[in-house]
Amino acid sequence: MLRARPYREWRAGRIHRASAGAVALACSVAAAAPADLDRAVYERAAQFLPSNQESLILNATVRPHWRAGPFDRFTYRHELGDGRAEFVEVDAATGRRRPAFDHARVAAGLAAAGVANVAADRLPFRDYDEAGAAEIRFAASGKEWQCRTNAVACHAAMAPAGDPSVVASPDGRQLAFIRDGNLWIRASDGSGEFALTTDAVPHFAYGATPEANIVTAPLRLAGRPEPPAVLWSPDSSRLFVQKLDERTVREVTLVQSVPDGTEHRARAHTWRYAMPNDPAIPLAESWLFDVRARSGRRLAIDPVATVFQTSVESREAWWSPDSRRLNLLVRSRYYKTMALYAVDAATGAARRVVEESSRTFLEPAALGERPMAYVLRSGELLWFSEREGHGQLYVYDDASGALKRRLTSGSWSVRNVLAVDERRGFVYVAGVDREEASDPYFRSVYRIDIQSGRRTTLTPEDADHAVLSSQAEGLGIPPRELVRDPDASQGFSPSMRYFIDTYARTDLPARTVLRRADGVRVAELEQADVTRLAALGLTTPERFSVLAADGKTRIYGNLLRPTHFDGSARYPVLDSIYPGPQHRRVTPSFVSAVFDPMDAQAYAELGFVVVTLDGRGTPGRSKAFLDESYGRLGEAGNLEDHVAAIRELGRRYPYLDLDRVGIFGTSGGGYAALHALLTYPDFFKAAVSDAGNHDQRGYLAVWGETYNGPDDGQNYLAASNVPLVGNLRGHLLLIHGGMDFNVLPDHTMQVVDALIAHNKDFEFLVVPKAAHTTILAPGYAMRRSWDFVVRHLLGRNPPVDFEFPAPPAAH
C-alpha cells in the first residue's frame, strides 16, 4: 500500500501517479531523504536580524546634542549593555567628559512620581532638553516630564497630542491646514480661523501630496489625516504651497481581501497612480501666500512634474534665513533638466538663476537628501553637478547666473555637503578620492576654501567616514523620540569649530572621534563594543573586489560566512541582490554588513556564503559608472557582473559550491532575483522573489522615466519579466503582500499567469494583510523564504513550524 507522504517528498520523487515504478521510486527517495536541519540553526540565524543590533553591538553610533552656552559642549547617550545607559557631557575644547546630570536624583524623582522600573542607569528616555541650569525636560510614557537635577523632584504633564493634519508656524502662533482642498489658517490658541483659498476642486488641491506617494499612502488607506505639504517662512509671515493637479491622471485599484473589523466584504481602494510614459502625470502650480495680508499669487514658473513628492516633501524648496527669498529647484519630466529659481517674497517675482541638462538624468543629491545648492551671503551660489563625470561643486554669480569658477575638480567626487561656514569661508564635504582611499566607497571629510578651492583632508584613516547631518548619506536625522532638537543633533558644532566623525570598515567596527574643524583629533569618544557579537562566533565580513563582466572595471562587495564556517567544507552561495539604481546595495562598514537591512548575515547562518555586490550602473562612483544602467533597467543591476563576480570568487575560494547558487531579493531586488533565474538559468538554481516590480511599465512613472528614460520601443519590454518565464528551469518562490501600495500585487499576478500559461512549476505566497517587502519582517513570509533556500540549495529539511522569537524590547 502506498503510504501518504509530505509534499516535499512527493516533489523530490516527482511522483505523478501510483504505479509499481512509482512505488519503487518512492521507496528509493524515502531511503535517501534529506536530513533535517537542526532548529538551533534557525534560532542562531534569527539572532542576526537587524532588530537585535542594539543588544549585540553597543555604541556603534554617537548622536550628539549640542548645548547652548558660552563654550562648545554636547551630550550623548552612552550604552552600558543590557538596556542600561548613561548620558555624558563632553567639553569639545578638551574632550573631557563627565556625567551630564545626576542620574540617581532623576531616577529617584521619577520613582517618587510613580514611574515604575526606573533606575539611574535605566532612565526611560533617549534625549532631553535643558530647562535651566539644573532642570531637564523629556518625553516618557506619553507624558512630558520636567525634573530637577539637584534635587529629587519631577512633575509631569500630558504631552500635547500632535495633530498630523496641521503645520505650525515657526513662532507657534498659527496652524496651516487643508479643508476640502483649500488652504486655511487657524490661530493656535483657537481664537479664530480663515481661508486663504476657495477655488480647490477634487484632485486639484492646495497642499496635497501625490496619491502615489508611498509615505502618505498608508495614512490614506487607513483613513488617517495626511500632513499638508506647506512651507512656512522663518518669520511666520508667508507660506509656500503647491496646488497639485491629478484630475487626468489614471487610476489603480487595490483589493483589500481581508478587511479589518467585522466586515466580510472585500474593499476596493482606488487612487491616482501615474506610470511611465502615461499621457498625464501630476503637475503642481507653485503659490506664495502672505498670511497677514490674507492674499496669494501663483508664481510665474511652469507646473512642476510631481509624480512622487511635492517640492516641499523633497526639500527642493527652502527659504532664506531672513525670509526675503524662496528658493525652488525644478526638474522636468524624465529629470533631464534642472533649474533653480529665486522668488522675491515681497513681490512674488521669480527669476531663473541657473539651469543645466543631461543626456541621461540629473540628481541634485543622493535620494532623500537635501539638494546641494547653497545661496551665500556673498551673492554667490554653490551648485553641485556631475556634468564633467564626477560630482563637483561650482560657484555661480547669484544675480546674473554666470559661472564664476569650478570650486572642485578632478577625478575625485563630492558625495555630500556636510556644512557651510560662511564666516570663515569654508565648505565641508564628504567625498571619495581614489588616490587617498583603498576603496572607492570610502568617504573622507574635506574642508574646501570657498574662494581658492584649496582642499584639505580632515580624516586621514583609511576607512569610511560618516558625519551626522541632515544631508549625510544614510545618516538622516532620527525621529523625535530619539532626538529632541534635530537642529542641535548635527555632526558639526553650531560654532563650526568642531565635528564628530564615525569611521569604520567591514573589518573595523565603528570608532567615533571628536575633531577640530581643521581635522586635529581632540578625543576618541567611542569604540563600538562587539563583545556580545564575538561571543556568538561571528566570522568577520570580508570586503572583496573583482573584475566586472567587461573584464576591466573593478567592482566591490561583501562576503558573509556563517559563524560555524569550516574552510574545508563546501557551501552553497546566495546572491542577496538590490539592483538600484537610485541607491546601492552594499556599505563598506562592519555594522551595516553584519546587520544588513536585507538580512544577509542571517541567511549566511543557515549554512550559506552570501554575496552582496554593486555592479555597474549603481551610484557612489562616477557618473559614467552610474549611467551604465540608464535605459537598461532590463539588465537588473548588470546581472552579468554578478555572475562574473561569483565565478571569480569561486576560483578564489574552493569552499564555494558554484553548482548550488541561489539569489534572493525584495522590491527591485525581487525583480532582479527572478530576472536572474530567467536569464541565467544554468547559473542560478533557485530564487526568492518578493514584491518584485516585474514590469517597469506598471510601476511609478518617476522610477521608470528617470532611470529608463522615454519608451524607445524596446527598453521597457526588456525590463519585463513576463515575456521571459518560458526560460524557467530552477526553483522559484514568489511572494507578494496583498496590501502592497508601492509595487502593486498585479506585478506578481501577471508573472503567475504567464507561468501557468507555460505550465511551469513554482511556489507562490500571498500574504493578504502585508504591505511592501514582506520577507524583511520576522514572521511567516521570512520563515518560508528561509525554508525554501534550505530545502532547494542546502538540501535539508527545514525545522517544522519554526516561529521567530519576539524582538528585544526597546530601551
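The largest nonpolar core holds 74 residues. Trp271, Tyr273, Leu559, Val611, Leu649, Phe684 and Leu732 touch the most other members. Helix 12 (residues 668-679) gives the most to this core, with seven residues. A second, separate core has 45 residues, among them Ala45, Ile57, Leu538 and Leu574. A nonpolar core here is a set of buried Ala, Val, Leu, Ile, Met, Phe, Trp, Tyr and Cys residues joined through side-chain atoms within 4.5 Å. Buried means under 20% relative accessible area, exposed over 50%, and partly exposed in between (1.4 Å probe, protein chains only). Nonpolar side chains tend to be buried together in soluble globular proteins.

This is a predicted model, in which local features need pLDDT of at least 70, side-chain atom pairs count only at pLDDT 80 or more, and totals for chains, interfaces and linings use all residues. Residues are numbered from 1 along each chain as its sequence is written, and side-chain values use heavy atoms, with hydrogens and water left out.

Leu559 has contacts (heavy atoms within 4.5 Å) with Pro541, Glu542, Phe544, Val609, Val610, Val611, Leu649, Tyr653 and Tyr655, leaving aside residues up to four places away in sequence.

Thr563 lies in the loop between strand 38 (554-560) and strand 39 (571-576). Thr563 is buried, with a relative accessible area of 15%. Its side chain makes a polar contact with the side chain of Glu605 at 2.8 Å. A polar contact is a pair of N or O atoms within 3.5 Å; within protein, one must be able to donate a hydrogen and the other to accept it, and residues adjacent in sequence count only if both atoms are side-chain atoms. Not counting residues up to four places away in sequence, Thr563 touches Arg44, Phe48, Leu536, Gly537, Leu538, Thr539 and Glu605.

Next, strand 15 (residues 238-245). Seven of its eight residues are buried, so strand 15 is largely enclosed by the rest of the structure. Helices (H or I, at least four residues) and strands (E, at least two) are DSSP runs, numbered from the N terminus. Two strands pair if DSSP finds at least two bridges between them.

| Partner of strand 15 | Bridges |
|---|---|
| Strand 13 (residues 204-206) | three bridges |
| Strand 14 (residues 230-232) | three bridges |
| Strand 18 (residues 283-290) | eight bridges |

Ala205 stands opposite Leu244 in strand 15. Val230 stands opposite Val241 in strand 15. Lys243 has Glu285 of strand 18 as its bridge partner. The hairpin of strand 14 and strand 15 has five residues between the strands; there, Ser236 takes a positive phi near 65 degrees.

An open sheet is built from four strands in the order 21-22-23-24, with antiparallel pairing. Strand 21 (317-319) and strand 24 (350-357) stand at the edges with a single partner strand each, so one side of each is left without a neighbour in the sheet. Strand 22 (residues 325-331) pairs with strand 23 (residues 337-344) over seven bridges, in the antiparallel sense. Arg331 has Met338 in strand 23 as its bridge partner.

Finally, confidence. The chain averages a pLDDT (the predictor's confidence in each residue, from 0 to 100) of 91, and 93% of the residues score at least 70. Residues 1-31 stay under 50, and the model has 24 contacts for them beyond four places in sequence. Residues 470-484 are also below 50; this stretch has 47 contacts beyond near neighbours in sequence. Where pLDDT is low, the predicted coordinates should not be read in detail.
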